[in-house]
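Dear colleague,

Please find below the structure for your files. My notes on it follow directly after.

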Amino acid sequence: MKIIKGLLIIGLLSNMLLKLVPAFAAENNLTAEKIIAKSRLAFYYAGNDMRIKILMELINKDGRKRIRELTMLRKDYEESGNQKYFMYFHKPADVKGTTFMVYKYPGRDDDRWLFIPAINLVKRIAANDKYSSFVGSDFTYEDISGRKPTEDTHTLLREEKLNGKDCFVIESIPREASVYTKRISWIDKKTYLPLKEEFYDKQNELYRVFEALEIKDIDGFPTITGRVMRNVKTGHRTDVTFQDVQYNLGIEDNIFSERYLRRPPLKWIR
Amino acid sequence: MDKVKILSFIALTFIFIPMVFAEELSLHGFLQTNYSIRVADDNPQGAKQGNLILGEERIQLKGSFYPSKSKIGAFVKSDFYHDWVEEDWGSDFREGYLDFTDNKFGLRVGRQIYTWGVGDFLFINDIFPKDWEAFYSGRSLEYLKMGVDSAKLDIYSDIVSIEAIIIPFFKSDVLPSTGRFHFFDPYPTITNRELNKPGTTLKDTEYALRIYRYIGDLDVSAYAYKGFFRTPGMKADNFNSPSTISYFYPKLGVYGMSAQKSALGGVVSVEYGYYDSLDDQEGKNPGIDNSQSRFLIGYQKAFPDDFTVGLQYYGELMHQYRQYEDNLPSAFVKRKQLHQYITLRLTKLLKYQILKLSLFSLYSPDEEDFLIMPEVSYNFTDNLQAILGANIFGGSNINTALGQHNKDDNIHVTVRYSF
């Protein structure tokens, strides 16, 4: 009995050691760059494709609310590389039926197309405004589709718990002029999702704060289904809820084309 | 139209139909008031309401029905309005079509709006009818384009995609009209004028074709059109001292291409079209536009903080210029062989895109005339929007495209509630 018990204990211990050692090694070896790169994969590249219904509430400091409701399709072409996005707007009423398509290339400016149903026009739109507001929200285009890790220098400041979750705290300083001068991210050690981000402006003052409010496991992918971006300087904030999240649906490549901009793929957008 | 009928139609539509097909049916629209006032008191002859160029209350209703798993769908968009200039009620059936969609093709039959080409308010291969009066009097962009009763076949393939359009019912452009705008007339004393439109015959059917694809990171389209000019040509017994004039729409063929890509830190667009004046290929008839090459190059760049700049250069090169010069009647203005426009568009969004400031300007160096369109729009809520803008015309001559409206500078206001 004793022997068996002893063996069991050794077995358990070695098992634990086996699990712990690589974990420790990983933690010690993971540079800030690698953490940010892994976080970007978890945040922007989960699955091979994705379909979500996004509800955005744009709320000003007086509590007045505006609504943006859209369906977004995303397809990845290579891990951490090219992606295609398709968006269909349900609300507000005056933009209903508008579609928007982005070919995202991490190395250069996106290609973007907009379809305006009132005049049946597809037009290409200039895309080097990654810091412009996405549909009037507190999120920028870059917040929606990600930033290349090599655009910043990253430093692991510390490791700490945030809301009971172990996090890496990383400071990222843009290499080139940007709307922010510093970003501090709290990255969950388990899921690598950013739980909180702080953005500092040119006066080196905090102006925007991102927070993940709800995380769900969907088809094996931890997904931030509730999030908020607050502008602490203007008092404006944007609450975002992801509904009907689905991964690996096999969204066809040809969905991301002029054809479907003009005639939205009902199968996917409903 | 009968007001009671309209109201009961609206009521029925809104109460019953959504209850039956909640998911597949959508009903939207807007209520709008839109006024445009001429700044100067020098009103054109026939002005019915003094300085008022446009004054109306309007409701637009649009409904679409696309059942799940069905290949068939339908869309209808119609306006009902009260016009203070004409002191009349009216309706405007803007669009209404049936869709049939399959894997490799789509067919759309009915009244539909088409917009082709890569120009910004400059149209080369977009030979579809436009309402310039709406544009010049400060109505929203969607009213520049008019629906055409037509059928369109889309063919989708990996190599190229095709839009093929047949238009059996000719529709002309709407030009600034008597009473609302000043315009240049070479023969002001002749009042009796006839207008002949192409008929609804096989011979007068219009055909438009667009072949397009994405090559690398370039959007490329090729276009062909056979039909008619949408602004009339003129027939006269004698162009130098006519006793009768009649208008007609000369035959036209257009062959062109366009390309657009991300480059130089923005978006670069080019477009070309050969305008083949089929009724006057020799260029000798002064009542018909000469054959031309039309081209444009555009550049659009976005800057941080929601600021966008767009620039365009546009040219029209007349092909039989010698014949044009030799046959030009004395009452006509002599045009340059190359007619050019330069446009500038500035757009700035503020306050989380609630406030939009924009400016569009069009200037012709050869005709020395211009149009400046500043505009401010404000979204009080997601549903309620107000727009204040102006159209400022200028030119050294009263007989050029924009110069003729020199006295028509106007300020316009729009308040729209969307639902």
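Helix H2 of chain A (residues 32-44) has 13 residues, which at 1.5 Å a residue should span 18 Å; its end C-alpha atoms are 18 Å apart, which agrees. The expected span is 1.5 Å times one less than the number of residues. Helices (H or I, at least four residues) and strands (E, at least two) are DSSP runs, numbered from the N terminus. This is a predicted model, in which local features need pLDDT of at least 70 and side-chain atom pairs count only at pLDDT 80 or more, while totals for chains, interfaces and linings use all residues. Residues are numbered from 1 along each chain as its sequence is written, and chains are lettered from A and ligands numbered from 1 in the order in which they are written.

In H2(A), the residues A:Ala32, A:Ile35, A:Ile36 and A:Ser39 are buried (20 or more other C-beta atoms within 10 Å of the residue's own; exposed means 12 or fewer, partly exposed in between, with C-beta atoms placed from the backbone). They cover an arc of only 95° around the axis, which puts them on the same side of H2(A); the arc is that of the directions from the helix axis to the C-beta atoms. The buried residues of H2(A) pack against strands S7 (152-162), S8 (165-174), S9 (182-188) and S10 (194-200) of chain A.

A cis peptide bond, with omega about 5°, joins A:Lys91 and A:Pro92, and A:Pro92 lies in the loop between strands S3 (83-91) and S4 of chain A. A:Gly107 is in the loop between strands S4 (99-104) and S5 (111-116) of chain A and counts as exposed, with 8 C-beta neighbours inside 10 Å.

Chain B contains three helices and 21 strands. Of its 419 residues, 32% count as buried. Positive phi values occur at B:Asp306, about 55°, and at B:Gln353, near 65°; neither residue is a glycine. B:Asp306 is in the loop between strands S15 (292-303) and S16 (307-318) of chain B, and B:Gln353 in the loop between strands S17 (338-350) and S18 (355-364) of chain B. Both count as partly exposed, B:Asp306 with 18 other C-beta atoms within 10 Å and B:Gln353 with 17.

The contact between the chains takes 29 residues from chain A and 35 residues from chain B, where contact means C-beta atoms, placed from the backbone, within 7 Å. On the side of chain A, strand S2 (65-76), strand S6 (121-124) and helix H4 (258-262) each give two or more residues.

With kind regards

Notes: Contact = placed C-beta atoms within 7 Å.
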